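User: I would like to learn how to read aromatic contacts in a protein model. Could you walk me through them?

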Amino acid sequence: MVTNHRNGNIFSNNMVAANKQLGNNTDIFEIDYDKSVQEERNRLLAVIKHKKIDIVLFLNDFRFPDQSFFLNEIIAQQTDCRLWVWDAMHDINDLKNHIYLYSKIYSFEINDILQLKEYYSIEGVYLPLFAGPEFYASPRTSEDKQDIDIFFIGTIAGIQKRLEILEAAAKLAYEKNYKMLVLGRIWHNHHWYQRIIGKWKFKRRYPYLSKYVENKVLVPKDVIEYYKRTKINLNIHIEGHTCYNCRTFEVMANNNFLLTDRQNVCDLKLEEGKHFDCYSNIRELVDKIQYYMNNDDKRNHIAIEGGELIRENYNLVNALKMIFS
């Protein structure tokens, strides 16, 4: 599997574990953008030859700083190359002929599939990024402590949509005395003065949210525990994505309640109010937070229904079984 540093850190272990359940051996090839595209192509070719790789799955259509796409004809001639897009193909009009080198293309964004058909006559397959085994190994039970009312984890620095929604949720938490926690990349903290100045600026712009944020990122094992400790897990998609992201399935997989901004459900069996719940604006978000804080039984029933659906139908093992069939 070909990945980059970001995807490698977050998903590699789960990809290897899921593929192992299918009886497949997996090697992770992490692209080094500090080297030239040709150097990295040669390094991949050496791995393919040495380990006799049958299929290479590209976890995004990688492009180097010089705008060269990583995949070329030489690599495609040596092995079966397949693509799973984990981020929207924003420059789909500029994919060039290399896009035909993939034998199969999957994407978590339905618009990619529609545009591949329109511009390149390629029949792609809509396939969300489902949760890996690590995320559904120990479903939450009534014995698990829930000491957080509202939780969100993710990058929010510079993402206005997320900042506005979280500030509104934080204002409600402050007024209702809910316990809220937001973790992620919030301001630069490489140096001591960046931590001080960043925190001060953030507090001025987002007075309520600043009460509940911690500028840190967690490893998957710790994230799973925070999901389970939380009554209402928030999900906020970034602009440009219209389908449900990986966090949707990660949260729900262990019987955790999810409240997410409404996206295109496509052909998924997810039902609002049955497996999870959704909001389209801040007013609806606020109303639903209050409703589910006051209705524990309803919230927990939805969480259990959603967890059962995800574990049975929408997990990484099933996705890889489709890709490598």
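Predicted model: local features only at pLDDT ≥ 70, side-chain atom pairs only at ≥ 80, totals over all residues.

User: How many aromatic pairs are found in the whole structure?

Analyst: A search of the whole structure gives 17 aromatic pairs. Take the rings of Tyr244 and Phe276: their centres are 5.6 Å apart and their planes meet at 70°, so this pair is edge-to-face. For edge-to-face, the angle between planes has to be over 60 degrees. Tyr244 belongs to the loop between strand S10 and helix H8, while Phe276 belongs to the loop between strands S11 and S12, so the pair ties together parts 32 residues apart in sequence.

User: What kind of aromatic pair do Phe257 and Tyr292 form?

Analyst: Theirs is tilted, with 4.6 Å from centre to centre and 45° between the planes. This pair also links distant parts of the chain, since Phe257 is in the loop between H8 and S11 and Tyr292 is in helix H9, 35 residues apart. Both residues, Phe257 and Tyr292, are buried.

User: Which residues form one aromatic cluster?

Analyst: Look for Phe29, Tyr33, Phe58, Phe64, Phe70 and Tyr102, which form one cluster.

User: And where does the charged end of Arg229 sit?

Analyst: Over the ring of Tyr226, 4.9 Å from the ring's centre. Arg247 also lies over a ring face, that of Phe152, at 5.9 Å from the ring centre.

Methods. Residues numbered from 1 in each chain as written. Heavy atoms only, no water. Phe/Tyr/Trp six-rings, centres within 6.5 Å; stacked < 30°, edge-to-face > 60°. Helix = DSSP H or I, 4+ residues; strand = E, 2+ residues; numbered from the N terminus. Buried < 20%, exposed > 50% of the residue type's maximum accessible area, 1.4 Å probe, protein only. Lys NZ or Arg CZ within 6 Å of the ring centre and 35° of its normal.
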